[in-house]
Structures are given as structure tokens and as C-alpha cells.
Amino acid sequence: MSQVSVEIPPGYQKVFGRPRALSDAPYTYCPGCHHGIIGRLIAEAIDELGIQGRTVGIAPVGCSVFLYRFYRCDFIQAAHGRACAVATGLKRANPDLIVFSYQGDGDLAAIGTAETVHAAARGENFTVIFVNNQIYGMTGGEMAPTTLPGQRTVTTPQGRDVALTGYPLKISEMLAQLDAPAYITRQSVHDARHVQLARKAILKAFRNQLEGKGFSLVEVLATCPTNFRMPPVEAQKWVTEKAMQFFPLGDLKVRDE
Amino acid sequence: MSRVLMRGNEAIAEAAIRAGLKCYFCYPITPQGELVEYMARELPKRGGVFLQAESEVAAINMVYGAAAAGVRTMTSSSSPGISLKQEGISYLAGSRLPCVIVNMMRGGPGLGNIAPAQGDYFQATKGGGHGDYRLIVLAPSTVPEAAQLVMLAFDLADKYRVPAMILGDGMLGQMMEPVELPPPVDPSSIPEKPWALTGAEGREPNVILSFDLSPQGLREMNRVLQDTYREIERSEVRWEEVETADAEIVLVAYGTMGRIAKTVVERAREEGIKAGLLRPITLWPFPYEPLRELAERVPTILTVELSAGQMWEDVRLAVEGRAKTPFYGELGGVVPTPREILSEVKKHVSS
Amino acid sequence: MSEKKGDGAMEFGVIFAGFGGQGILLAGKILARAGMEQGLEVTWLPSYGPEMRGGTANCTVVLSRRMIGSPIVDAPQALVALNLPSLDRFEPQVAPQGAIVFNSSLIRRGVERPDVVGVAVPANDIAQELGNPRVLNMVALGALLAACRVVPLEAAMEAMAHELGERGRQGLVEINRRALELGFEEAQKQLG
């Protein structure tokens with residue numbers, strides 16, 4: 001995984017490039033998927049804070065299971081839903097590490113709800129990136145704990161019927177009720193302006209950890225065009241017209257002291 | 001060195017701290033409560049991390065994280081809690097992460113009761129969770145031996161990168177005996193872990209995985225595991241033999257039953273019955289070879305267990321029909337007295 | 001210590017039994033500790049219901065010059081019974097020529113077995129007279145040590161003082177010492 005270095009000719013200045021924290025491995029995500037953008041924002045935060053040499057990432061179960069390929073930092077794969085417990089173990093064993101988990105909605109908000117809530121309640125000093133695309137991607141488009149009412153998935157072929165399967169979980173709102181967390185926010189990456197806002201939020205979530213502030217979670221609304229059965233542009237519209245209606249963007253908890 | 005009167009649970013906790021335990025994660029369950037309490041009291045004072053998790057599932061995954069960070073780490077529980085940990089144990093085995101897991105077994109299945117039992121033998125020695133893996137399983141029969149084996153468990157786990165389990169029961173955990181505690185391990189004597197996640201400063205990133213989507217790749221990972229297991233089978237089998245030289249009947253018993261069986265052998269000898277005992281100390285790797293050798297010259301090998309005959313299967317695999325292999329077991333947390341076992345022995349001797 | 005050949009093979013086993021809260025487990029532990037400090041092998045095995053308080057409790061202590069196999073004793077050389085259910089339950093198990101120390105403050109009957117030595121000790125009353133009803137367990141232990149000379153009384157006193165010291169109860173050592181003494185004397189009187 002050697003870094004490609006290009007010599008910059010005289011008179012030119014490098015204004016954009018691959019973050020150092022990213023490896024040379026090309027992303028293997030579907031066209032229009034937001035994992036690539038979010039993954040890059042994380043790498044930029046790692047670069048900006050200069051923490052690549054002490055960062056450990058946690059790849060969960062789901063499309064992000066291959067995350068370790070894309071970064072030039074230590075990585076561990078965790079059992080489905082257990083990333084926050086694994087992060088707790090890593091961070092407690094070695095508080096000098098900078099630990100982040102990158103979890104989908106099924107992983108974090110269904111099978112891993114207990115691990116997430118309790119890590120947040122303990123104020124564990126690590127960073128969680130929570131990618132909410134309202135669907136199970138890798139297993140083939142099943143209903144997620146964040147699937148919207150009426151949304152069609154392969155396990156809700158007639159659309160999610162709240163009388164049968166209840167309502168989506170607003171995990172960030174739930175966590176914001178807790179005393180311990182330092183930072184809970186919901187962001188989106190559907191356009192350039194929101195990418196910049198998400199970038200700031202992710203940077204803050206990592207900086208909080210560096211400063212020992214405790215649990216920080218950035219929820220990012222994302223698309224899964226493949227399982228939405230939509231072209232990417234239409235999937236972007238899904239974010240603004242549907243997802244953001246149910247999951248409004250913004251900071252839910254900021255503890256600044 | 002002076003002897004201290006300690007409960008089994010406390011001796012295990014103290015020995016683990018002396019072995020260099022850095023992180024202990026738990027969820028409360030009887031009959032290993034004293035272990036948890038001891039850790040809560042002592043470990044933070046001695047530079048370690050004690051954390052009560054929200055579940056056994058979380059606790060074992062915290063162990064997974066701490067083991068990946070390269071520290072000595074442990075969790076403890078009892079049967080139903082160990083069932084919950086199996087997912088994490090499979091990941092630890094698959095990712096080759098060393099740790100120590102203590103199971104103070106109780107009566108089962110289901111909620112069962114808190115009395116001593118040995119019904120988790122299959123779960124401990126044959127894998128327990130999903131996939132093709134083994135744990136190193138050590139079965140102490142006395143409190144001092146529990147302390148020794150905990151120290152050994154950490155060493156073996158680190159040496160082979162295989163999780164090790166201490167398999168005891170409520171009786172071992174609750175009873176007190178004098179213990180001569182081993183001196184604390186010198187931290188600098190614990191081997192380096194170049195695979196640990198310490199931050200990739202100045203080196204290529206370390207990645208810890210238990211998966212490979214390509215069958216060829218996963219086969220290679222599994223071969224590494226299996227090669228390690230064969231090496232452990234060659235080098236780490238431990239057992240104790242008592243009065244087997246001229247025995248006409250040999251009892252096979254481990255843990256709590258192992259020590260009770262010693263009394264049975266003594267009493268049988270007082271009555272002129274040539275009884276002996278083989279007590280497996282490692283349940284995996286199981287002492288197949290020593291048992292096979294005994295079976296060449298001992299007509300009867302009686303397995304005594306607090307289960308319906310789980311270890312009995314391994315005894316029969318070892319004996320392969322060379323001797324008679326009767327079984328005597330108790331269920332549900334009932335512990336037979338020496339007298340009851342002795343009368344069973346008498347049924348199987350000729351005179 | 002007295003040596004009994006046969007069933008116990010140079011081992012001395014005793015069951016302490018009573019209500020939870022009567023200090024059964026502690027009395028057993030102090031005997032075990034005294035034995036350990038005399039250089040003996042010892043085991044202490046508790047058995048109690050899941051209730052934290054108020055249930056019945058018992059523990060088995062084994063003292064031996066050799067490694068102890070079974071911590072479970074099927075025919076103990078002695079029984080200390082602090083309530084009637086305990087005497088009812090364990091009296092039949094005691095080895096022939098064994099000793100039964102029972103709390104005559106609460107138990108209105110004598111020992112029924114003709115082949116064991118019964119020692120009636122009004123443990124609650126003696127403890128009450130000393131000014132702390134909780135020391136009844138040491139009264140009973142003192143009586144046991146008079147009936148079965150497995151460790152010297154002084155060794156038990158020392159073990160008790162260490163045990164209470166570690167629990168931050170130094171202030172209770174003196175009254176417990178008296179309790180051990182009075183129990184010992186009461187049993188001696190009866191045994192002649």
C-alpha cells in the first residue's frame with residue numbers, strides 16, 4: 001500500500017489530493033454510494049489532526065466491512081453491532097490510541113443498540129461515524145431500524161407498515177438525552193455545502209477525542225442507490241425530500257466546556 | 001512464602017492480576033461473584049482497568065478490543081453468560097487474539113441453578129461458538145491449582161495466540177483453601193506482540209480480521225489455526241496420575257470431581273481395591289495418549305463426571321475398546337460423595 | 001489433632017450449620033484459618049440457599065496433615081448445630097464416636113444418637129450475657145475445640161483476631177475471645 005507521489009512542477013501548487021490517511025486501494029462501493037465521500041472526510045480529519053500513526057479504525061459488518069483496505073492506519077473488524085464494545089476495549093487498554101468506529105444503521109441501531117447506548121452513557125472517549133442510509137446494503141436491501149414509513153425494501157415489499165413493524169429509530173435524538181456524550185450531530189453529504197458541514201462535524205468529533213471530551217457521534221444520512229432501486233441523482237433527492245423530513249439535520253447535543 | 005486462605009474465585013482474580021492482567025471486563029453472575037468483586041476492589045489499585053459491561057456480549061467484545069490493543073485481558077462468567085459470549089469467543093479465536101475466559105460452571109441447561117456442574121465440557125472443548133476452532137481449556141481441581149493455571153493460561157494464550165479458558169465450577173469458586181500465591185510476573189518478560197494495534201507510526205498498518213471472502217484465503221487462515229492446534233496437542237497436554245502403576249480400575253475425573261476421586265482412590269486402596277486416577281488438567285488438548293497407554297494394561301476405566309457423560313466421549317475415543325469404559329455421573333448440580341463413588345467402583349472390580 | 005483411621009483417613013471434617021446470620025460461615029473460616037496457621041491442610045466449603053440473609057447456611061471444614069481430596073465429607077467427625085433444623089438434618093451423618101455441639105438456647109431436645117458425644121451449649125444465652133448476641137458463633141466454636149482438640153484454643157483466638165482485624169473490627173476481638181473461652185469452658189465442664 002505505497003503512496004503514489006507525483007512531483008509538482010515549478011510554478012504549480014497542490015490544492016487537492018488524496019488524503020495521506022487513505023491507501024491507494026480504489027473504493028469498491030456502488031456508483032452513487034456515499035461511503036466514499038464519508039470515508040474521505042474521515043481521512044481528511046485524520047490528516048488535519050496529524051493522528052494517522054495512532055489511529056485505530058473499527059470495521060463492522062456490512063458494506064463497511066472492507067473499510068480497512070482504504071486506510072493507512074491500524075484496523076480491526078468487529079462482530080455485527082459490537083463496534084462500540086470493541087472500541088471501549090481498545091481505548092481502555094490504550095488511551096493514547098485514537099479510536100473510531102464506522103457503523104451502518106443495522107449495525108449500530110438494531111443489533112448494536114445496547115453497545116452503542118451504553119458506550120455513549122459511559123462517555124467512552126472515542127468517535128463514532130454512523131451512516132444512516134435506511135436500508136441493509138450488503139445483505140440485499142432489507143428493512144433497517146431507520147427505514148422510513150412506507151419505504152419499500154425486500155422485507156417490506158408493500159412499504160414499511162408502521163402497524164406491523166413500528167417506526168424508525170431516531171438514535172441520535174435518543175443518545176442526545178444522555179448525560180455523558182460530548183457531541184451528537186446529524187449531517188448529510190448530498191451536496192457540496194453539506195459535505196463541508198459534515199467535514200467540520202467529523203473533524204470536531206475527532207478533535208473531541210484528542211481533547212479527552214468523551215463520546216462523539218456523527219450521524220450521516222446517506223444513499224444506497226442499488227438497494228433503493230434508484231439512479232444516484234434520484235437517490236440524492238430521496239435524502240432531501242424523504243430522509244431529512246424524518247431525520248432533521250443539525251447538532252443534537254454539544255457539550256462545550 | 002506464607003499461605004493465604006482464599007476462595008477459588010478470589011485466588012483466580014489475584015493470580016490473574018499477578019500474571020499482568022491489564023483489562024478485565026465482566027457482567028455479574030453467580031457463582032463467580034467474588035471474582036468480580038475482587039477485581040473491582042483490587043485491579044484499579046494495581047494499575048489495571050475494571051469495567052462492568054452492559055452484557056456478556058459487550059464484555060467479551062471489550063476483551064476482543066483490549067486483546068487487539070496487545071494487553072493481557074480477561075473476562076469471567078458462568079454457564080448462561082458463557083453461552084452469550086460465544087460469538088465473541090469465535091471472533092477471538094478466528095482473529096488469533098489471546099485472552100483468558102473463566103467459566104465457573106453451574107447446573108444447566110437454561111437458567112439451571114448455581115450448584116456445581118460440568119455440563120459445559122462440550123461447549124468448552126469442542127469449540128462452543130461457530131466455526132472450526134479450539135480453546136486451550138484448563139481445569140483446576142483445587143484453589144492453589146486454580147491460581148497456578150490462571151498464570152499458565154495467560155502464558156499459553158500469548159504464546160499460541162489462542163484464547164484460553166479456565167473451566168471450574170461453583171464449588172471451586174466458593175470454597176477456601178490455603179494458597180501460596182506465585183510472585184507477580186515481570187511485565188518485561190511478557191513477549192512482544194508485533195501484531196497488536198498500537199498505531200501504525202513508522203510501520204505498515206496492522207489489521208486484525210477473522211474473515212476472508214475468498215475460500216482459498218480463508219482456508220489459509222484456517223490452516224494457520226489448525227497448525228497451531230496440532231502444535232498445542234503435541235506440547236501442552238497436562239494431566240495427573242495417582243496410583244495407576246498397578247491399578248485394576250482407573251477413574252477419570254477432572255476439576256471438582258478430580259479431587260473427590262482422589263479420596264475415592266485412597267479409600268478404595270484402604271479396602272484393598274487397586275484403584276487409580278487419571279485427572280486431565282488440560283481438557284483441550286485432552287490426554288488421549290496417556291489414557292490409551294493405561295487402557296493397554298488396565299481392564300476398567302471409569303469416567304466420573306458432573307454431567308451426563310460429556311468427557312466420557314473423549315475417554316472412549318482414547319480407549320478405543322481396549323478396556324471397559326463404564327460411566328458414573330450426576331446431574332443438576334448434585335455432587336456425589338466419596339462413599340457413593342466408591343460403591344460404584346466396587347461394582348466394576350472382580351473380587 | 002486427633003487421628004481417625006478408616007472413613008476419614010487422618011482427616012477431621014466438621015459441619016457448621018444454622019440460620020443465615022448466625023455467623024456459621026465465619027466460625028468455619030476461623031477454624032480453617034487456625035488450622036492453616038498450624039501448618040495443616042484445610043478446606044472450607046460453604047453451602048447456602050440463594051437468599052443473601054435469613055436462609056439456612058452450612059459449611060464444611062476439613063483439616064488434615066495431608067493433601068485433602070474431597071472437601072465434601074459424608075461422615076463428619078463433628079457437627080456444630082446452631083438451630084433445630086440443622087441438628088435434625090446432620091445428626092444422622094456424624095461418624096460414630098463423633099461429637100455434636102448444639103445450641104441448647106434454641107434446641108429443646110438432646111442428641112438422639114447413642115454412639116456420638118453430645119455437648120449442649122446455650123450459645124445465645126452466653127453471648128447475650130457477654131453483651132453481644134452475635135458472638136454465639138464463637139461460643140459454639142470454643143465448645144467444639146474442647147470436644148475435638150483439632151487446633152489449640154489459642155490458635156483459634158489468633159485466627160479470629162486476624163480475621164476481625166482484616167475486616168476492620170478490631171474492637172470486637174476481646175468480646176469474641178471471651179466467647180471462645182466461655183464456650184470452651186462450658187463444653188469442658190460437660191465432658192468432665
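Contact here means heavy atoms within 4.5 Å. The model is a predicted one, in which local features need pLDDT of at least 70, side-chain atom pairs count only at pLDDT 80 or more, and totals for chains, interfaces and linings use all residues. Residues are numbered from 1 along each chain as its sequence is written, chains are lettered from A and ligands numbered from 1 in the order in which they are written, and side-chain values use heavy atoms, with hydrogens and water left out.

Two pairs of chains are in contact, and chains A and B share the most contacts. Chains A and C, in turn, do not touch, and their nearest C-alpha atoms lie 29 Å apart.

Chain B comes next. Its secondary structure consists of twelve helices and 15 strands, where helices (H or I, at least four residues) and strands (E, at least two) are DSSP runs numbered from the N terminus. The radius of gyration of chain B, 20 Å, agrees with the value near 20 Å that a compact globule of 351 residues would have; this radius is taken over C-alpha atoms, and the globule rule is 2.2 Å times the number of residues to the power 0.38. Along the principal axes, the C-alpha atoms of chain B fill a box of roughly 75 × 50 × 40 Å. Of its 351 residues, 63% count as buried, that is, under 20% relative accessible area, with exposed meaning over 50% and partly exposed in between (1.4 Å probe, protein chains only). Among the contacts of chain B between residues at least 6 apart in sequence, 78% join residues at least 24 apart.

One residue of chain B gives a local view. Thr228(B) sits in helix H8, which spans residues 215-235. Thr228(B) counts as buried because its relative accessible area is 9%. Beyond its neighbours within four places in sequence, Thr228(B) is in contact with Arg96(B), Tyr160(B) and Val162(B).

Chain C has six helices and six strands, and along the sequence these follow the pattern β-α-β-β-β-α-β-β-α-α-α-α. For 192 residues, a compact globule would have a radius of gyration near 16 Å, and the 15 Å of chain C agrees with this. The box filled by the C-alpha atoms of chain C is roughly 45 × 40 × 35 Å along the principal axes. Buried residues make up 56% of the 192 in chain C. Of the contacts in chain C with a separation of 6 or more, 58% come from residues 24 or more positions apart.

Within chain C, Val117(C) is found in strand E6, residues 117-121. Val117(C) counts as partly exposed because its relative accessibility is 37%. Not counting residues up to four places away in sequence, Val117(C) touches Gly98(C), Ala99(C), Ile100(C) and Leu191(C). Val117(C) and Gln190(C) are 73 residues apart in sequence, with their C-alpha atoms 10 Å apart in space.

Finally, the structure holds two cavities of 30 Å³ or more. On a 1 Å grid over the protein atoms alone, a cavity is a set of points where a 1.4 Å probe fits but cannot get out, and lining residues have an atom within 4 Å of a point. The second largest cavity has a volume of about 40 Å³, a volume being the space filled by probe spheres set on the points, which are joined across faces, edges and corners. Its lining is formed by Ser141(B), Thr142(B), Arg259(B), Lys262(B), Met67(C) and Ile68(C).

Terms used. On a 1 Å grid over the protein atoms alone, a cavity is a set of points where a 1.4 Å probe fits but cannot get out, and a pocket is an open set with protein on both sides within 12 Å along at least five of seven lines; lining residues have an atom within 4 Å of a point.
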